[in-house]
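Hello,

Here is the structure I promised to pass on to you. Have a look at it first, and then read my notes below.

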Amino acid sequence: MPPLRGLIAALLLLQAAAACALDISLSLDSIRHPAFAAERVSMQPRAGGTVLTIGLLRVADRQFSDLRLKCREFKWNDGDLRCAGGTLKVGTPGVLPAGRAGDAAAVDFHYAAKRKLLELTLRDVPLASLVGAVPELAAWQPRGTVSGSLRLVGSHAEFDLVASGLAFANAEGSRAAEGVALRLTGSASEASGAWAWQVSVDWQGGEAFIQPWYLKGTGQTLVASGTVDVDELRIDKARFELPGIGTLDGRLRLDRRNGQLAALEVASDRWNAGPAFEQWVQPLLGETPRVRPLGTARFAFALDAAGPRSLDLDLDLSALDVGEGRLALADLRATVPWRSEGAGEARITSSGGHAGDLPLGAFAVPLAMEGWRFGFDRVELPVLDGRLLFENFAARREDGQWHWQLAGALYPLSMPLLTERLGLPRMEGLLSATIPRIQYEGGVLTLDGALVVSVFDGYLSAAGLKVIDPFGRAPRLVADIDARHLDLAMLTNTYSFGSITGYIDAEVRGLEMLGWQPQAFAARIETSPGDFGKRISQRAVQNISSLGGAGAGAAIQRSFLRFFETFGYDRIGLSCRLVGGVCEMGGLAETDGGYLMVKGGGLPALNVMGYNRRVGWDELVSRLRAIAAGNSRPVIE
């Protein structure tokens, strides 16, 4: 029990409070109120002022111990209580183990019992002083100060708070702020157990990181109003102003009993798409190529406890750039009226653009939508003098996973025109392809059937093609590849390889690539069967020889064969088995000390031998690049 004089002081306080008709009862040195309960209340004069002490304070579901307010000037007159130059210290909440109390907070307050008025003023209160009252904040290491006022008249409250130099960070580093300046104003009124409230937040400066977003205070404002009770928090109206981007309006309902979102509706005005995408969408895409839209966008979406209900999107872009010019589209328009229940159709159009150096023509995509199912029958995209066809696209989302499939074809493209556009050596002929069904399921992209590409008067086919985690950082590809009847004259004349006439077949078995870099395969090239002219130039001999080590190139330079520009051959064959970053080389047949790569035939005839059995993959690639650039030279021994 406190001393008698403390009890008398507490009784005087309670008498004044009762005079203002508050529902307060006294139970021996305690105060009871529907909103709070205070126990072991005392008031004592001390040197330099008066100290008010509350042993235990309960507010809502939280309780605090050892609240001490020391007032430099304390006045009490007929129920009117004033504290000027006050310092408040709050100890550790009683529900937790005792610990270090928070720092002192500078406060003034005025309580007028007859008018049911409470006024509280904060003067540059360090945020660290709140740690004693709310220990959860300790892990965030808050810094900065708060100033402002709180005014309570009966059941109506008004507040105006300013935070300066606000800084915090969590242990993971996923959320942090520095130098934040905020102003928070608002009011609240209680009726029948519910509070109707409104609030305005003005972010005046500083910076914050809330993974993955980095944000700077440039005058963003939020104005919201709603109600809150024991069951539900409602935001009936909210407007978020983002300078240079646009505004966002929304409503929300939150179930407080289970902490779950009950409903959310958001709608934008016409946003500036460039800064909006850079600030809010690009960070979600991680290390994918940067996307730069130029134009406007409007959107609205709604969701409830079961998930998304609707999305309306309206894009009006004069330009869209992906990956610093890798893909660019002009006049891109999109209208998307999606509903979780019911059917609709989205439409996407563009006047064209380019993919790298390839020009793209105008196209339109009519996308059928029914809940989480999407698809179209046929879309054609003009490319140079040909067309890229996509058809039978179908996508669906089930159990949180996307599944989709697509087929298509490439109608013939002029190889001279294509290579000119790509800045490659001129190639003759036409390029076309048949794309069987491609499907994506469980993070794996699978090709059903064989992808066939017509090129160099023959064709390439890829079977068993799978790409695992195709949109991840290190996609893994497996496939078997065959090439048949490729025209060597068309192929070798494209590069500085020298001239070879005839046809060649190739196969790659067990190809495995990780992050688009070869890890393993067994590859072989060999002359196609059939009766056709077979000649090989001296330079081609030198280049083939350089792949397997010094040999035929040196022999030519030492003999009369150097006077011949071309030689006859019977067969060409070369193999590479890649294991552990090393290519195990082979040819048509094994010989003493080497392997046969070119078997001579006709007059003059010349055999080309290889001697390096094991060649590092990087070294082999370097040799091939030198050949393509025309920089290979025979080794004279």
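A term to start with: two residues are in contact when heavy atoms of theirs lie within 4.5 Å. Please also keep in mind that this is a predicted model.

Leaving out residues up to four places away in sequence, Ile-544 touches Phe-497, Ile-500, Ile-536, Met-597, Val-598 and Val-608. Ile-544 is also among the residues with the most contacts inside the largest nonpolar core, along with Ile-500, Ile-536 and Met-585. That core has 70 residues, and strand 37 (residues 566–579) gives the largest share, six residues. Another core lies apart from it, with eleven residues, including Leu-52, Leu-81, Cys-83 and Tyr-111.

Now the whole chain. It has 637 residues, of which 38% count as buried, and it contains seven helices and 42 strands.

Next, find helix 2 (273–281). Its buried residues are Ala-273, Gly-274, Ala-276 and Phe-277, and their cover includes strand 18 (271–272), strand 19 and strand 20 (307–322).

The loop between helix 2 and strand 19 (291–304) holds Leu-284. Is Leu-284 buried or exposed? Leu-284 counts as exposed because its relative accessibility is 54%, and exposed means over 50%. Together with Val-281 and Leu-285, Leu-284 forms a nonpolar patch on the surface, with about 230 Å² of accessible area in total.

Enjoy exploring!

Terms used. Residues are numbered from 1 along each chain as its sequence is written. This is a predicted model: local features need pLDDT of at least 70, side-chain atom pairs count only at pLDDT 80 or more; totals for chains, interfaces and linings use all residues. Side-chain values use heavy atoms; hydrogens and water are left out. Patches are made of residues with over 30% relative accessible area and no salt bridge: like charges are joined within 9 Å, nonpolar side chains (Val, Leu, Ile, Met, Phe, Trp, Tyr) within 5 Å. Accessible areas come from the Shrake-Rupley method with a 1.4 Å probe; for residues, only the protein chains shown count as cover. A salt bridge is a side-chain nitrogen of Lys or Arg within 4 Å of a carboxyl oxygen of Asp or Glu. Helices (H or I, at least four residues) and strands (E, at least two) are DSSP runs, numbered from the N terminus. Buried means under 20% relative accessible area, exposed over 50%, partly exposed in between (1.4 Å probe, protein chains only). A nonpolar core is a set of buried Ala, Val, Leu, Ile, Met, Phe, Trp, Tyr and Cys residues joined through side-chain atoms within 4.5 Å.
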